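Welcome! Take a moment to look over the structure below, and then we will walk through some of its features together.

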Amino acid sequence: MTQTDRIFRTLSWIVALGCVVFLMLPIFITVAASFSASPVYTLPPPEWSLRWYASLERRSGLWDAVVLSLNLAFVSTLISLVLGTLASIAVTRGNFRGREAIATFAVSPLMMPGLVVGVALLQFFREIGLRDAYVSLLLGHIVITLPFVMRTLLASMAQFDFSMIDAARTLGLSYPKAILKVLVPSLAPAYLTSGLFAFLASMDNYPISIFLTDARNKTLPIKMLQYLEEQPDPSLAAMSSGLILLAILVLVFGARTVGLNRMIQG
Amino acid sequence: MTARIDRIALLAVPGLAYLAVIYALPLLMLLAKSVQTAEGFSLAEYRAFFADEYNLRVLWRTLRVAALTTLLALAIAYPTAFVMSRAKGPWLTVFLVAMVLPMSLGVVVKAFAWSILFRANGFINTSLQWIGLTEKPVRMLFTETALVIGAANVFLPFMVLPIYAVVRQLDRGLPEAAVSLGAGPFFRFFNVTLPLTLPGVVAGSAFTFSMAISMYVIPSLIVGERQQTLSMLIARSFLYLRNEPLGSTISAVLLAIAIFVVVFSSWLARRLGART
């Protein structure tokens, strides 16, 4: 190892550690603000208190938004996992033209401007006379979650040994049963990863949802932005800290069961 | 045999039909509507959009902020991905957690946290004054620099992870072989390591750039209404001005840029893939 190498390695480590601090900074700020006694966001807080956690009980509008967002994220992720599994099998195993194009198309919503998709869906749903906000939101959220699922499943299935399916069929399982009993369990890390990312993307979506909500159906990010404009007190920080705690539990579970590195790389 | 293959192809139908109806069709209708008037086909809306200097300024700002955000994220992500690929045990856990955990903090709260940091009496200004770098608070909130830093923070994991995926699979023997053949560190980096990792760089940059040209929440919380971006113009024309033709036109412009990024980056990725 030359002198130049050593200098580059040291510099890389400095950047990488800076990167970790940079990434974690918003989390530290949010958690610190949630324990503040002050009604405005000042850092460091003048005094520590749990009052904003206690105040969460009274913010019923926020809880409705949490419940709606969890519901949408769960249902849309579940539907995407089913649709995504079928489509990924077809792309990986099928022997027809345009498989590359299908894969690109299925992942493309990830790179399309959310607001534009939202506007297009708003006009489309109006055209076909769909008025129900929950159904509109759900249909829109599947467009968000499906690409996350497809991206990870396509990559993982490319490495799956499909002769195991053939073996299972020789042993008497039908094709759907073989998929369910052999393919799905062995791709468990991919399901966990893509499901988690899809779920988080749905929970966090603002630009598509803003066009599809009505007065009664407001998702969490929309409610949060509105709340920040009306009364920016640290209740939101308290609630976000709760969600961070939940995410830590999910990560610990993921690390225990499939390992963090495998989980993140699918 | 053909019958079985056709049956497998059918499995793609539900998902594709879904995206065709609830994603592609609405976008095509939006495009069609933007060139349609009562009299028929017309590009008048586009001519009006590009004739307005204000719109051009917003377009330029949107592209510039997205490019700067991508560059900043890339500059941080590239070395980080290399360190991550060599890190073991608890260090690797620290890096991976730092990539994934911030995603559980919604973009609204994250952007708000940055707006707190950038305030005149915020943490950064107080620290700068405490160290003695400045005497008066520096105006940071509402600036483009603040926006680029905040946006890079939100999109950073989407830049690091694709590069990390490529670096991790990099054959360590190749750079070593270059060294044993007498290559210096710079030659080895620019002629061996960098070309091999470019597919990850292209994937991460394309993703970050396309998210940055269309971000809405981050600029509205960090720079506010004073410095509009294309997305803010779209939201304003639909939600406040109720001017749908204008909103559709701007949407079509933004969509065209996004489609260009997707097509160009996948072309580039294929070319780079063919070379290695």
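## A buried leucine

Let us start with one residue, keeping in mind that this is a predicted model. B:L156 has a relative accessible area of 0%, and because values under 20% count as buried, B:L156 is buried.

Where along the chain does B:L156 sit? It is found in helix α8 of chain B, which covers residues 144–168. And which residues surround B:L156, once its neighbours within four places in sequence are left aside? From chain A, the contacts are A:C19, A:F22 and A:L23. From chain B itself, they are B:A73, B:I76 and B:A77.

## Where the two chains meet

How many residues take part in it? On the chain B side there are 89, in contact with 81 residues of chain A. The size of an interface is often given as the accessible area lost when the parts come together. For chain B and chain A, the buried area is about 7,900 Å², and carbon and sulfur atoms give 80% of it.

Two salt bridges are found across the interface of chain B and chain A. A:D5 and B:R188 form a salt bridge, with their closest N and O atoms 2.7 Å apart.

Which helix of chain B gives the most to the side that touches chain A? That is helix α2 (residues 13–34), with 16 residues. Taken as a whole, this side of chain B has 69 nonpolar residues, twelve polar ones and eight charged ones.

For chain B, an unreviewed UniProt entry places the feature "transmembrane region" at several spans, including residues 91–117 and 179–198. In the model, residues 91–117 of chain B are 78% helix and 0% strand, with end C-alpha atoms 27 Å apart. Residues 179–198 of chain B are 80% helix and 0% strand, and their end C-alpha atoms lie 20 Å apart.

For chain A, the UniProt annotation "domain: ABC transmembrane type-1", also from an unreviewed entry, covers residues 66–257. Over those residues chain A is 77% helix and 0% strand, and 27 Å separates the end C-alpha atoms.

Note on methods
Residues are numbered from 1 along each chain as its sequence is written. Chains are lettered from A and ligands numbered from 1 in the order in which they are written. This is a predicted model: local features need pLDDT of at least 70, side-chain atom pairs count only at pLDDT 80 or more; totals for chains, interfaces and linings use all residues. Side-chain values use heavy atoms; hydrogens and water are left out. UniProt positions are given in the numbering used here, feature names are shortened, and annotations may be inferred rather than shown by experiment. Helices (H or I, at least four residues) and strands (E, at least two) are DSSP runs, numbered from the N terminus. Contact means heavy atoms within 4.5 Å. Buried area is the accessible area (1.4 Å probe) that two parts lose on being put together, summed over both. A salt bridge is a side-chain nitrogen of Lys or Arg within 4 Å of a carboxyl oxygen of Asp or Glu. Ala, Val, Leu, Ile, Met, Phe, Trp, Tyr, Cys and Pro count as nonpolar, Asp, Glu, Lys and Arg as charged, and the others, Gly among them, as polar. Buried means under 20% relative accessible area, exposed over 50%, partly exposed in between (1.4 Å probe, protein chains only).
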